[in-house]
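Please consult the sequence and the structure shown below while reading.

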Amino acid sequence: MRTGFIGCGNMAGAMIRGMIESGKVQPEDVIISARTEATRERARREFGVKTADSNCEVVRASDIIFLAAKPQQYEEIIQEIRDDVKENQIVVSIAPGKTLAWFEEKFGKPVKIVRTSPNTPALVKEGMTAVCAGSAVTEGELKDVMELCESFGRTEIIPEKLMNAVVGVAGSSPAYVFLFIEALADAAVAEGMTRKQAYKFAAQAVMGSAKMVLETGLHPGELKDMVCSPGGTTIEAVQVLEENQMRAAVMKASRACTKKAGDM
């Protein structure tokens, strides 16, 4: 399957790497465009893909086109490529806030549009990608897009009305988790642990905890209760977190992120 990328930043690079290393696509079947020659050269060197001097060249050479540029560049890009996009091609967006209706309006003609919302753990093939599709996309075409996205993590089909919520709960949340890991490590450093070791302990604890949620199917509250022994160290720490409104702060931050996504 010939796959094109318009834009080749960190997220696009993670997606391309996952697709190629999983065998979903071959390097010679991938073509990318980017604003600078330095970015195009990096893509050729790292992935062995083809590069194009224009976005239209990518469209003409691809069956599936990933729009992987910054959201504020989308309108300009669509104006450039819309005459070259054919009715049998699939256009995949990774930008927050741009609705299926918005794409239909900007293209000014029927186009097969799939919206996705990946996140940065795709860099280590542990991404979480939400997917929704326009009415022109067939079940088989949506399956093709899902299989490509599954090469760098998990995917889930959701109604379009929840796409902004995905930005808050998954798209931006790695940053919240990194803050949490950093804070845990800082506390350990304050107790005398080396920073390198502190990051390892904190990160592994977070990764293992997340894996328990995914693999046991138990409610997070139930898993928390399993750690909180009566009169023990953990419930003491949990009380301090509750006193400082940790859950309320996380909810408020995530909902602010969701609102911002809807405004983009």
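Helices (H or I, at least four residues) and strands (E, at least two) are DSSP runs numbered from the N terminus. Angles run from 0 to 180 degrees between N-to-C directions, and axes are lines fitted to C-alpha atoms, for helices over the stretch in contact. The model is a predicted one, in which local features need pLDDT of at least 70 and side-chain atom pairs count only at pLDDT 80 or more, while totals for chains, interfaces and linings use all residues. Residues are numbered from 1 along each chain as its sequence is written, and side-chain values use heavy atoms, with hydrogens and water left out.

Two strands pair if DSSP finds at least two bridges between them. Contact here means heavy atoms within 4.5 Å.

Strand β7 (residues 127-133) has a partner on either side. With β6 (residues 112-117) it pairs in the antiparallel sense over four bridges, whereas five bridges join it to β8 in a parallel arrangement. Ser 117 stands opposite Ala 130 of β7, and Thr 116 has Val 131 of β7 as its bridge partner. Ala 130 also has a bridge partner in β8, namely Glu 156. Five of the seven residues of β7 are buried, so the strand is largely enclosed by the rest of the structure. Buried means under 20% relative accessible area, exposed over 50%, and partly exposed in between, with a 1.4 Å probe and protein chains only.

Attention now turns to helix packing. Two packed helices are described by the angle between their axes and the distance between the axes. The axes of α7 (residues 163-171) and α8 (residues 173-190) come within 6 Å and cross at roughly 25°. That angle makes α7 roughly parallel to α8. Angles under 35 degrees count as roughly parallel, over 145 as roughly antiparallel, 65 to 115 as roughly perpendicular, and the rest as oblique. On the α7 side the contact is made by Val 167, Gly 168, Val 169, Ala 170 and Gly 171, and on the α8 side by Ser 173, Pro 174 and Tyr 176. By class, this contact of α7 with α8 has five nonpolar, three polar and no charged residues. Ala, Val, Leu, Ile, Met, Phe, Trp, Tyr, Cys and Pro count as nonpolar, Asp, Glu, Lys and Arg as charged, and the others, Gly among them, as polar.

Helix α7 also packs against α12 (residues 246-263), at an angle of about 140° and with the axes 8 Å apart. That makes α7 oblique to α12. The contact brings Asn 164, Ala 165, Val 167, Gly 168 and Val 169 of α7 against Ser 254, Cys 257, Thr 258, Ala 261 and Gly 262 of α12. The residues of this contact of α7 with α12 divide into five nonpolar, five polar and no charged.

Most residues other than glycine have a negative phi. Lys 125, in the loop between β6 and β7, has a positive phi near 60°. Gln 245, in the loop between α11 (233-243) and α12, likewise has a positive phi near 60°.

| Residue | Relative accessible area | Class |
|---|---|---|
| Ala 165 | 34% | partly exposed |
| Lys 125 | 36% | partly exposed |
| Gln 245 | 55% | exposed |

For the protein chain as a whole, the secondary structure comes to 12 helices and eight strands. Its C-alpha atoms fill a box of roughly 70 × 40 × 30 Å, taken along the principal axes. Buried residues make up 40% of the 264 residues.
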